[in-house]
Amino acid sequence: MSVDRDKLEALLKWYKQEVGENLIAALIVNREGLVMSALKGSLDQDVEEDVIGGVSALVEPVLTRITEEFSSGSFGTGTFDTEEQRFIFCEAGPEAIFVTVLNSIAMVDPIFPYAYLAAEKIARIFDGRTVSPVIPKLFTEKETTKIERKIDKLQQIKIQSGEYAFKLILGGEGGVGKTSMVHRFVEDAFQTDYKSTIGTSIMKKECDFQGLESKVRFVIWDLAGQAQFKRVRQTYLGNAEAGILVFDVTRKETFDKLEKWFNEIKEVSSTISLIVVGNKIDLEDQRVVLLEQGEELAEKLNLSYIETSAKTGENINDAFKMLALQMIKRFVFTEEV
Ligand code: GDP
Ligand code: MG
């Protein structure tokens with residue numbers, strides 16, 4: 001099947017216009033890792049005259065990793081930082097990946113909605129469906145408050161009838177199992193030799209409900225070790241609609257720090273829906289925090305409590321579903337999105 005390359009090119013031009021000066025390049029790559037279309041940003045950084053060649057060289061090392069994940073079918077959306085560039089990868093239907101290369105100082109938050117939108121359009125172009133290559137202006141750059149409000153809105157984008165996307169974040173001390181929980185939920189896999197994540201990884205996953213037409217799509221932001229930097233944390237925690245506060249039932253100090261996480265998250269995302277999770281219940285003989293203590297804390301914070309094991313998978317789906325149901329109650333039934 002032939003793809004409308006002119007349309008892909010037009011779309012990239014629109015994308016460049018909206019993303020602005022921090023864009024180094026934008027590429028559309030097929031499943032085999034072949035560049036279908038590429039466009040250079042206004043920055044001249046390291047990109048040669050041969051746009052496709054130059055940009056490919058830039059993206060190559062990262063792309064190899066990403067296409068591996070992509071061909072395994074588990075890939076959704078992700079970001080990846082190197083010293084000089086930030087990458088946003090968005091799955092664009094079954095055929096393609098949309099790659100954005102940004103200046104290392106660029107903020108991903110305001111660009112992410114555009115990337116997401118462009119990826120949806122690219123998927124349609126590959127499908128041969130009619131779609132306009134125009135990327136509309138989603139917000140004006142100068143008015144910060146306006147941006148925040150619009151991003152808020154965008155996180156509740158009604159993708160198709162009955163489908164909603166929300167930013168989900170995870171709070172809690174290092175090593176409690178946040179990344180493992182997300183991986184278990186997204187890929188249903190548990191790795192014992194799990195390397196702590198570099199940068200923030202963003203994944204998406206849908207929750208379906210039997211007997212309900214609504215679908216909740218979580219865009220899960222998983223932050224790695226650099227959580228100690230307040231500046232990074234604000235971007236990560238801000239504008240989130242849903243969050244999971246995790247502690248490790250075998251480490252009392254992770255339980256004691258949970259309220260601190262609660263307060264910090266509430267400070268930047270005051271309307272967020274949260275749940276409390278006590279993880280690692282498979283380590284029964286090492287448990288030091290009791291079920292009742294977990295419930296008591298959750299009650300004090302006015303939140304629901306659930307205990308999980310990312311290792312065995314116990315209650316992992318239920319934890320996310322619990323949150324998804326809260327989202328449905330809060331947005332789908334009460335607000336016109
Ligand atoms: P994070 O820092 O909160 O993201 O924690 P990770 O997901 O990286 O997990 C830290 C360590 O705990 C890793 O060695 C995991 O394999 C392990 N781990 C995570 N969840 C569980 C669990 O439910 N049970 C057990 N036994 N180990 C877990
Ligand atoms: Mg982690």
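Begin by selecting Tyr15, Phe98, Phe218 and Ile244, which touch the most other members of the largest nonpolar core, a set of 80 residues. A nonpolar core is a set of buried Ala, Val, Leu, Ile, Met, Phe, Trp, Tyr and Cys residues joined through side-chain atoms within 4.5 Å. Buried means under 20% relative accessible area, exposed means over 50%, and partly exposed lies in between (1.4 Å probe, protein chains only). The structure is a predicted model, in which local features need pLDDT of at least 70 and side-chain atom pairs count only at pLDDT 80 or more, while totals for chains, interfaces and linings use all residues. Residues are numbered from 1 along each chain as its sequence is written, chains are lettered from A and ligands numbered from 1 in the order in which they are written, and side-chain values use heavy atoms, with hydrogens and water left out.

Helices (H or I, at least four residues) and strands (E, at least two) are DSSP runs, numbered from the N terminus. Colour domain 1 (5-159) and domain 2 (163-327): both give residues to the core, so it lies between them. These domain bounds come from an automatic or database domain assignment.

Now centre the view on Ile244. Leaving out residues up to four places away in sequence, Ile244 touches Leu168, Ile169, Leu170, Gly171, Met181, Leu274, Ile275, Val277, Phe320 and Leu323. Contact here means heavy atoms within 4.5 Å. Another core, of 12 residues, lies apart from the largest one; among its members are Ala25, Val29, Phe87 and Val101.

**The aromatic pairs**

A search of the whole structure finds 5 aromatic pairs. Rings of Phe, Tyr and Trp (its six-membered ring) pair if their centres lie within 6.5 Å; planes under 30 degrees apart count as stacked, over 60 as edge-to-face and the rest as tilted.

Select Tyr15 and Phe98: their ring centres are 4.8 Å apart and their planes stand at 75 degrees, so the pair is edge-to-face. Tyr15 belongs to helix α1 (residues 5-19) and Phe98 to strand β5 (residues 96-103), so the pair ties together parts that are 83 residues apart in sequence. Both Tyr15 and Phe98 are buried.

Move to Phe185 and Phe320, whose ring centres are 3.8 Å apart with planes at 0 degrees, so this pair is stacked. Phe185 sits in helix α5 (residues 178-187) and Phe320 in helix α10 (residues 316-332), so that distant parts of the chain, 135 residues apart, are linked. Phe185 and Phe320 are both buried.

Then select Phe247, Phe255 and Tyr305, which ring pairs link into a cluster. For a charge over a ring, select Lys167, which lies over the face of Trp221 at 3.8 Å from the ring centre. A charge sits over a ring if NZ of Lys or CZ of Arg is within 6 Å of the ring centre and within 35 degrees of the ring normal.

Helix α9 (residues 291-300) has Gly294, Leu297 and Ala298 as its buried residues. They cover an arc of only 100 degrees around the axis, which puts them on the same side of α9. The arc is that of the directions from the helix axis to the C-beta atoms. Exposed Glu296, Glu299 and Lys300 are carried on the face of α9 turned away from its buried side. Among the elements covering the buried residues are β9 (242-248), α7 (252-256), α8 (258-268), β10 (273-279) and β11 (304-307).

Select Asn302, in the loop between α9 and β11. Its phi is near 65 degrees, a positive value in a residue other than glycine. Asn302 counts as exposed, at 69% relative accessibility.

Lys280 lies in the loop between β10 and α9 and has a positive phi of about 75 degrees although it is not a glycine. Lys280 is partly exposed, with a relative accessible area of 22%.

Finish at Ser269, in the loop between α8 and β10. Ser269 is buried, with a relative accessible area of 5%. Beyond its neighbours within four places in sequence, Ser269 is in contact with Leu237, Gly238, Asn239 and Ala240.
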